[in-house]
Amino acid sequence: MRTATTIEASYPGALEFALEAEKLGLDVCWIAEAWGSDAPTALGYLAARTDRMLLGSGVIQIGTRTPVAIAQAALTLADLSQGRFLLGLGASGPQVIEGLHGVPFAEPLVRMRETVDIIRQAFAGEKIRYSGRRHWIPMAGGEGKPMRLSLAANTEIPIYLATLSPRMLELTGRMADGWLGTSFVPERAAAYLDRIDTGLAAAGRSRDQLDICQGAEIAFADDEDTLRTMLAARKKELAFSLGGMGSGATNFYNNAYSRQGWAEVAAAVRQRWQAGDRQAAAALVTDEMVLATTLIGTEEMVRARLRVWHDAGVDTIRLYPAGDTIDARATTLGRALDIIRDLD
């Protein structure tokens, strides 16, 4: 398996940690955009400071920029990094897209498909023409004519999609070079991969043409007491994902856990969270939910879970290492990389 991590550049020490990760031999560093720092700025910094590691936007939120602006950033970053850039795209959710950026979230599936279409035109160096449901280039009724970017064409930039819903997963299989997944239970991988395979088949493609990139928190517990503390901390974070991510009506993480067998628990957590009882919401999250979707445990437990992830078809594992300092996180990451190398 290839190894990766995701950082948010606004977190203290995040970029310094990325530099340490490259020294340890990490293969890919993804830069997240949520409601903090933007991805391209940090990626430009890392392109100048790193030599070997692949760098990806994990993810650029498609509602926040025009497709051509995304293509311009991708082409620039691919050039600055000497071909080490991966373009990761995501639809985000209505809370961020509408609540923060003031852009309609309507038809995210259509917006994603059209965005990828337009980006590929730009990458190919073509004059950009598009008449869709969400995008019109040149603008209808305006004075503009089709143009091509003055940047050199580059059709080698891989496009990854961060998707969770069934139709978005099918679109990933149809159009993408990689899948940035989350909330993943390897024993129940069919909830995701069957939909991706449907999209692959519709496009005449096979699984080996798509990089399955999955992420999980990783932490090593030396004893049972430490493990219980780690599980309690993760339950609070998972309760936020199930109850607080997205809007009051739309939560893709809650839906993903529901499709993997935890519909009743996910609904109850969301209800308690939205009622303002965060502690009760976290208490509803089970040990099984945490252990199934993370790499938390003793070294023996983590080693066994990594083998399960490998056998489930994960090509690139995205690690979120525990630690309160850069050194602590790097130590956790280094232990994980050693185990993965042994597995391979």
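Which cysteine sulfur is closest to the sulfur of cysteine 213, and how far away is it? The closest one sits in cysteine 29, 11 Å away, too far for a bond. Point 2 takes this up.

1. **Basis.** This is a predicted model, where local features need pLDDT of at least 70 and side-chain atom pairs count only at pLDDT 80 or more, while totals for chains, interfaces and linings use all residues. Residues are numbered from 1 along each chain as its sequence is written, and side-chain values use heavy atoms, with hydrogens and water left out.

2. **Cysteines.** The count of disulfides is zero. A disulfide here is a pair of cysteine sulfur atoms within 2.5 Å. Cysteine 29 is buried, at a relative accessible area of 0%. Cysteine 213 is buried too, at 0% relative accessibility. (Buried means under 20% relative accessible area, exposed over 50%, and partly exposed in between, with a 1.4 Å probe and protein chains only.)

3. **Overall fold.** The chain has 13 helices and twelve strands. The radius of gyration is 20 Å, close to the 20 Å that the globule rule gives for 344 residues, so the chain is as compact as a globular protein of that length. (That radius is taken over C-alpha atoms; the rule is 2.2 Å times the number of residues to the power 0.38.) Helices are DSSP runs of H or I with at least four residues, strands are runs of E with at least two, and both are numbered from the N terminus.

4. **Extent and packing.** Along the principal axes, the C-alpha atoms fill a box of roughly 65 × 45 × 40 Å. Buried residues make up 49% of the 344 residues. Of the contacts with a separation of 6 or more, 70% join residues 24 or more positions apart. Contact means heavy atoms within 4.5 Å.

5. **H8 against H9.** Helix H8 covers residues 224-243 and helix H9 covers residues 252-274. Their axes come within 8 Å and cross at roughly 95 degrees. The two helices are therefore roughly perpendicular to each other. (Angles under 35 degrees count as roughly parallel, over 145 as roughly antiparallel, 65 to 115 as roughly perpendicular and the rest as oblique. Axes are lines fitted to C-alpha atoms, for helices over the stretch in contact, and angles run from 0 to 180 degrees between N-to-C directions.)

6. **Residues at that contact.** On the H8 side they include Leu238, Phe240 and Leu242; on the H9 side, Tyr257, Val269 and Trp273 are among them. The contact residues divide into nine nonpolar, four polar and three charged. (Ala, Val, Leu, Ile, Met, Phe, Trp, Tyr, Cys and Pro count as nonpolar, Asp, Glu, Lys and Arg as charged, and the others, Gly among them, as polar.)

7. **Cis peptides.** Check the bond between glycine 58 and valine 59: it is cis, with omega about 15 degrees. Valine 59 lies in the loop between strands E3 (54-57) and E4 (60-61). The bond from isoleucine 137 to proline 138 is also cis, with omega near -5 degrees. Proline 138 lies in the loop between strands E7 (136-137) and E8 (159-162).

8. **Positive phi.** Glutamine 82 is not a glycine, yet its phi is near 55 degrees. This residue is exposed, at 74% relative accessible area. Serine 183 also has a positive phi, about 55 degrees. Serine 183 is buried, at 6% relative accessibility.
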